[in-house]
Amino acid sequence: MTAGGAAPIIKAENLTRTFGAMTALDHLNLEVSEGEIFALVGPDGAGKTTAMRLLCGLMNPTEGRAVVAGHDVSKNVDAVKDQIGYMAQKFGLYTDLTVTENMAFYADLFGIVGHERKVLSERLLRMTRMAPFVNRPAGKLSGGMKQKLALMCTLLHKPRVLFLDEPTNGVDPVSRRDFWAILYTLVQEGLTVLLATAYLDEAERANRVGLLHQGCLIQCAPPSVLKRDLPEACFRLTSRDNRQTRLALEHQPGVLAVQPMGMDLHLFVDLHASSPEKLRSIAEFEYQRIQPSLEDVFIALVRKQEVARAA
Ligand SMILES: Nc1ncnc2c1ncn2[C@@H]1O[C@H](COP(=O)(O)OP(=O)(O)O)[C@@H](O)[C@H]1O
Ligand SMILES: [Mg+2]
């Protein structure tokens, strides 16, 4: 059960998928509530697409199960497909066909016809501000507009749950902001969104974030909680020679991570075991305590897991 008491609309129980000897997704346990935007974050190869494909019933799990919109995905994939929209990492748009023609193709696929098709299409075109471009071939649209068109095609059958795999990859920042504004509107109307992204700044816009690393969900919380609840403290260091400082500090007890960030270094340190003041006996630097970014947190959590595994 989720915070509101209602059953989650997406649920993964020990969801696992292996390919030969490699485990792409390792016992994923996850619950997403209706109306939530959940971001699955991780670098390339972390298992994001595998998780999405399993949740959408496009691939069978090796172990565990998924329940989406009240249906067991393995047992009742057709019922699930009616309720979900899946925008794949490389969504299939027909570049020679216009915006209208692409939308008509997907409407036909979902059996959306007549008055309903007209009303839904017009509404989506208004929401995405794509109405002026209906006669343009998809191949001649900008990256941001292509994404909007793909989104419209994914939404034509009024899904309750939307799966977006790296939806704003290669999209300029303004179009990205537009895309998120559309998502927020949709969510207000009750849609649930699960998106995968490699961008931590993008994940900050979600209600909750799950950090995926080598197939394992290593942390799952709202972005603000992830940044606040880490037991280690984060500092910005300035030094004359960042490389030297980093080399000197990185294997010191209590030091979880020292990472270059722009012109500075970000240091994660366990204050029970060390402190920047103590570390100044090893290297010369100035420091200032900072609120970590989600990227800092991700790096620190991955490092922590590696250290725990090595021990
Ligand atoms: N069909 C497949 N056959 C073999 N290995 C695969 C297949 N799909 C994914 N993998 C492997 O599983 C891991 C996770 O992949 P993926 O889920 O695509 O990660 P992400 O989407 O986070 O980049 C990668 O190591 C990838 O090479
Ligand atoms: Mg992927």
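In this predicted model, Thr49 has a relative accessibility of 26% and therefore counts as partly exposed, since that class covers the values between the limit for buried residues, under 20%, and the limit for exposed residues, over 50%. Gln89 falls into the partly exposed class as well, with a relative accessible area of 40%. These two residues coordinate the magnesium ion (ligand 2), Thr49 through its OG1 atom and Gln89 through its OE1 atom, at 2.0 to 2.5 Å. Because Thr49 lies in helix 1 (residues 48-55) whereas Gln89 belongs to the loop between strand 6 (84-87) and helix 3 (99-110), the pair ties together parts of the chain that are 40 residues apart in sequence.

Thr49 also takes part in the surroundings of ligand 1, where an N or O atom of its side chain is 2.8 Å from an oxygen atom of the ligand. Two further polar contacts were computed for ligand 1: a polar side-chain atom of Lys48 lies 2.8 Å from one of its oxygen atoms, and a polar backbone atom of Gly45 is found 2.6 Å from an oxygen atom of the ligand. Taken alone, ligand 1 exposes 560 Å², of which the protein buries 60%.

The shell around ligand 1 is made up of Phe19, Met22, Ala24, Pro43, Asp44, Gly45, Ala46, Gly47, Lys48, Thr49 and Thr50. Sorted by class, this shell contains 5 nonpolar, 4 polar and 2 charged residues. Helix 1 provides the largest share, with 3 residues, while strand 2 (22-32) is, like helix 1, an element that supplies at least two residues of the shell.

Strand 12 runs antiparallel to strand 13 (residues 264-269), and the two are joined by 6 bridges. Within this pairing, Val258 stands opposite Leu267 of strand 13. The hairpin that strand 12 and strand 13 form has 2 residues between the strands, and in this hairpin Gly262 adopts a positive phi near 60°. As a general point for reading such a pairing, the side chains of a regular strand alternate between the two faces of the sheet.

Note on methods
Residues are numbered from 1 along each chain as its sequence is written. Chains are lettered from A and ligands numbered from 1 in the order in which they are written. This is a predicted model: local features need pLDDT of at least 70, side-chain atom pairs count only at pLDDT 80 or more; totals for chains, interfaces and linings use all residues. Side-chain values use heavy atoms; hydrogens and water are left out. Donors are N, O and S atoms within 2.8 Å of the metal (3.2 Å for Na, K and Ca); water is not among the atoms, so sites may look incomplete. Helices (H or I, at least four residues) and strands (E, at least two) are DSSP runs, numbered from the N terminus. Buried means under 20% relative accessible area, exposed over 50%, partly exposed in between (1.4 Å probe, protein chains only). A residue is near a molecule or strand if one of its heavy atoms lies within 4 Å of it. A polar contact is a pair of N or O atoms within 3.5 Å; within protein, one must be able to donate a hydrogen and the other to accept it, and residues adjacent in sequence count only if both atoms are side-chain atoms. Accessible areas come from the Shrake-Rupley method with a 1.4 Å probe; for residues, only the protein chains shown count as cover. Ala, Val, Leu, Ile, Met, Phe, Trp, Tyr, Cys and Pro count as nonpolar, Asp, Glu, Lys and Arg as charged, and the others, Gly among them, as polar. Two strands pair if DSSP finds at least two bridges between them.
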